[in-house]
Amino acid sequence: MNDGHDVLVIGAGPAGATAAGLLAQAGHSVLVLEKDEFPRFHIGESLLPAGLPVLERLGVDPAKDTFVYKAGAEFVCEESGRRGVFVFRESLPGCARHAWHVDRARFDKALRDRAVALGAEIRHGATVVDAGANGDSVFVKTREATFRGRYLIDASGQSRLLGRRAGTLKPYDRFGHCSVFTHYEGLGDAAVEEIGPTTNNIRIMLRPEGWGWIIPLPDRALSVGIVGRTKMTPEDLERGLLESPMVKRLTAGSRRLATHVVGNFSYRNTVPSGARFTSIGDAACFLDPVFSSGVTLALRGAEAVADKLSAALGNGAEADPALLHDHDAGMDRAYRTFAALIERFYHTNFAETMFLGPVDDQPLRRGVMSVLAGDVWREGNPFQEMLLAAKRKERAADAGRSGHAN
Ligand SMILES: Cc1cc2nc3c(=O)[nH]c(=O)nc-3n(C[C@H](O)[C@H](O)[C@H](O)COP(=O)(O)OP(=O)(O)OC[C@H]3O[C@@H](n4cnc5c(N)ncnc54)[C@H](O)[C@@H]3O)c2cc1C
């Protein structure tokens, strides 16, 4: 038995490392248990402007070997030849005007290293097999040891340990569930020029099986993948996206790396927090990644939890089951906003009219851009309010249906 930490955190990804670093910086003792050694591969390479203040606060340096400047997003339909470019500087005021694409192995290690520098203890090779809250303490079990503390944060990503244990996960049935992707190294000059070395927009391709991405990475690398609503295989990538003329052109002469399949996603933990515990990042919610929201929501959610929990640990209020109710409501607003947009992306002609069509309505464009920037906690974005109002109506209509996270 190992006692004595204020906070036990499961997982050292962006959510866990951020929460651990900020809590340690505030003077609390934090132990993070992480199953993998870092650096380790992870998908999820395109960030949004709304996450940048968290990186600045942590003191993570946007180093050239890890970060690529991202001006915005380009939506492309190769079949029709239509495309639309949305840049973050078009968004409503109050949010950063750009974002980054990152090599996740290096990015996650940089966040982990900052958490350690700020005072968190991180143990790698420590796979958590059970965890929970027991009255006046919390516990985390690995195969080798049991740890006790005052508060438990589940940042285990798609392992979503607490949600699975409690049976509180609900799927988003109508979103993408599976992805298959690969990387290329050594892009040629023509590809770098076509991508636009000063803009590096993510390209989101509207495709029959779902959607595809093209993300420029440091050192002339490219991430290419597709997300679909059914099970996907490497053959789907070969016969689908990699046959695209644009992908062929951009990757000509470069080296292809391994193919990965990641599935079983789009879900939400309907009870993310309670007495002495919370879930953050993908352990709380995983939305279809079409709008690159995952890391940003993980960073922002972790930061907000760290601030609230830090104050509560200071005055002994961390056992209050309602401690994070306001925070959960704030995250709920963010999840519902993106969920409403994703719903429209898959099930209406919104993507064709909004992302591929000429949109001359400047206030609307700015509102859309603010949501795409992840600036979803602000007031006064009529587009976001419209999305949320429509969502409330759909929820009311769906009230009879159960087992649905939307
Ligand atoms: C195909 C795809 C594309 C994506 N694209 C984007 C994108 O472009 N932009 C974006 O922002 N997001 C994207 N995402 C989402 C993004 O990857 C996640 O939202 C993000 O990684 C969440 O961070 P996290 O810290 O919550 O989880 P993770 O980054 O997954 O970290 C969780 C950590 O917990 C550890 N862990 C798990 N189980 C245990 C255990 N039992 N014991 C100990 N440790 C454990 C893991 O090893 C891991 O290090 C994408 C996801 C997918 C699947």
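This is a predicted model: local features need pLDDT of at least 70, side-chain atom pairs count only at pLDDT 80 or more; totals for chains, interfaces and linings use all residues.
A helix here is a DSSP run of H or I with at least four residues, and helices are numbered from the N terminus. With that in place, I can start.

The arginine comes up under the definition I just gave. R104 is found in helix α3, which covers residues 104-117. Is R104 buried or exposed? The cut-off for buried is under 20% relative accessible area. R104 has 4% relative accessibility, so it counts as buried. Its side chain makes a polar contact with the side chain of D108, at 2.8 Å. Leaving aside residues up to four places away in sequence, R104 touches P14, H42, I43, G44, E45, K109 and V295.

Next, the sheet. Seven strands make up an open sheet, and their order is β5-β4-β13-β14-β15-β12-β16, with mixed pairing. Which strands stand at the edges? They are β5, residues 82-87, and β16, residues 255-263; each has a single partner strand, so one side of each is left without a neighbour in the sheet. On average, neighbouring strands of this sheet are turned by 15° against each other, direction ignored.

β4 and β5 pair in the antiparallel sense, over six bridges. A73 stands opposite F86 in β5. The two strands, β4 and β5, form a hairpin with four residues between them, and G81 in the turn has a positive phi of about 75°.

On to the next pairing. Strand β4, residues 72-77, pairs with strand β13, residues 202-207, in the parallel sense over four bridges. F75 stands opposite I204 in β13, and A73 has I202 as its bridge partner in that strand.

How many residues of β13 are buried? Six of its six residues are, and the strand is mostly covered. As a general point, side chains in a regular strand alternate between the two faces of the sheet. In β13 both faces are covered: I202, I204 and L206 are buried on one side, and R203, M205 and R207 are buried on the other.

M205 has G212 as its bridge partner in β14. β13 and β14 also form a hairpin, with two residues between them.

Now the helix over this part of the sheet. Helix α11, residues 362-372, lies across β4 and β5 and runs at about 75° to β5. D361 caps the N-terminal end of α11, with a side-chain oxygen 3.1 Å from the backbone nitrogen of L364. Within α11, the buried residues include R365, V368 and L372. After α11 comes G374, which has a positive phi near 85°.

Last, the helix pair. Helix α8, residues 294-314, and helix α9, residues 325-347, have axes that come within 10 Å and cross at roughly 170°. Angles over 145 degrees count as roughly antiparallel, and α8 and α9 are therefore roughly antiparallel to each other. From α8 the contact is made by L297, G301, A304 and V305, and from α9 by H327, M331, A334, Y335 and F338. By class, this contact of α8 with α9 has seven nonpolar residues, two polar ones and no charged ones.

Conventions: Residues are numbered from 1 along each chain as its sequence is written. Side-chain values use heavy atoms; hydrogens and water are left out. Buried means under 20% relative accessible area, exposed over 50%, partly exposed in between (1.4 Å probe, protein chains only). A polar contact is a pair of N or O atoms within 3.5 Å; within protein, one must be able to donate a hydrogen and the other to accept it, and residues adjacent in sequence count only if both atoms are side-chain atoms. Contact means heavy atoms within 4.5 Å. Two strands pair if DSSP finds at least two bridges between them. Axes are lines fitted to C-alpha atoms, for helices over the stretch in contact, and angles run from 0 to 180 degrees between N-to-C directions. Angles under 35 degrees count as roughly parallel, over 145 as roughly antiparallel, 65 to 115 as roughly perpendicular and the rest as oblique. Ala, Val, Leu, Ile, Met, Phe, Trp, Tyr, Cys and Pro count as nonpolar, Asp, Glu, Lys and Arg as charged, and the others, Gly among them, as polar.
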